Amino acid sequence: MKDGIKRRREILKILKSNKRPVSATKLAERFGVSRQSIVGDVALLRAAGENIIAMPRGYVLERSSTRITSKIAVQHDRDQAEEELRTIVEAGGEIVDVIVEHPLYGELVGGLHISTQKDVDSFIKNYHSSKAVFLSELTDGIHLHTIAYEAKADLAKITQALSEKGILYEEKE
């Protein structure tokens, strides 16, 4: 059996046994290959139908969930990004992704999977250290989030909290 095939099987086993993201760097160290080899392995696994999600903190295997999901429209500047994320998490939501409408590419989606304050801390730390820009900066701060939550009351709580902070994008009279 080829080394790549065996390595991809092992990567899949590792992802199945971990609920937290596993970085490409850690996988590369584990298998004694380059980070780029792992990126290629994951691309091949995804092309073969595996539901592997690439997140800023690493790879996770998408698992089925009983949580409800909805999309919400928000608008804010970069200084309110952390407040937005914390507000959603505090109100019982998980920020699954961010979606923006790009004039050339159409809909762009970035996976987030932020469900705890620790996740928010990590995301904001990565934002500052990467010197990247938020996708929402491409659209004057207007963007969508897919939010996962347990009960319909949670969505009402999330949207109310965002509205009170002036972050929820609402029709202007």
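The exercises below concern helix packing and nonpolar cores in a predicted model.

**Exercise 1.** Determine how helices H4 and H5 are oriented to each other, and which residues make their contact.

Solution. Step one: H4 covers residues 81-90 and H5 covers residues 117-130; their axes come within 9 Å and cross at roughly 165 degrees. Step two: angles over 145 degrees count as roughly antiparallel, so H4 and H5 are roughly antiparallel to each other. Step three: the crossing is right-handed. Step four: H4 contributes Glu-82, Leu-85, Arg-86, Val-89 and Glu-90 to the contact, and H5 contributes Gln-117, Val-120, Asp-121, Phe-123 and Ile-124. By class, these are 5 nonpolar, 1 polar and 4 charged residues.

**Exercise 2.** Determine how H1 is oriented to H2, and describe their contact.

Solution. Step one: the axes of H1 (residues 3-17) and H2 (residues 24-31) come within 12 Å and cross at roughly 130 degrees. Step two: this angle makes H1 oblique to H2. Step three: the crossing of H1 and H2 is right-handed. Step four: Arg-7, Glu-10, Ile-11 and Ile-14 of H1 meet Leu-27, Arg-30 and Phe-31 of H2. The contact has 4 nonpolar, no polar and 3 charged residues.

**Exercise 3.** Describe the largest nonpolar core and the surroundings of Ile-95.

Solution. Step one: the largest nonpolar core has 22 residues, and Ile-95, Ile-114 and Leu-162 have the most contacts inside it. Step two: the elements that each supply at least two residues of this core include H4, H5 and strand E4 (94-102). Step three: leaving aside neighbours within four places in sequence, Ile-95 is in contact with residues including Leu-85, Val-89, Leu-112 and Ile-147. Step four: apart from this core lies another, of 14 residues, with Leu-27 and Tyr-59 among them.

Technical notes. Residues are numbered from 1 along each chain as its sequence is written. This is a predicted model: local features need pLDDT of at least 70, side-chain atom pairs count only at pLDDT 80 or more; totals for chains, interfaces and linings use all residues. Side-chain values use heavy atoms; hydrogens and water are left out. Axes are lines fitted to C-alpha atoms, for helices over the stretch in contact, and angles run from 0 to 180 degrees between N-to-C directions. Helices (H or I, at least four residues) and strands (E, at least two) are DSSP runs, numbered from the N terminus. Angles under 35 degrees count as roughly parallel, over 145 as roughly antiparallel, 65 to 115 as roughly perpendicular and the rest as oblique. A crossing is left-handed if the near helix is turned anticlockwise from the far one by less than a right angle, and right-handed if clockwise. Contact means heavy atoms within 4.5 Å. Ala, Val, Leu, Ile, Met, Phe, Trp, Tyr, Cys and Pro count as nonpolar, Asp, Glu, Lys and Arg as charged, and the others, Gly among them, as polar. A nonpolar core is a set of buried Ala, Val, Leu, Ile, Met, Phe, Trp, Tyr and Cys residues joined through side-chain atoms within 4.5 Å. Buried means under 20% relative accessible area, exposed over 50%, partly exposed in between (1.4 Å probe, protein chains only).
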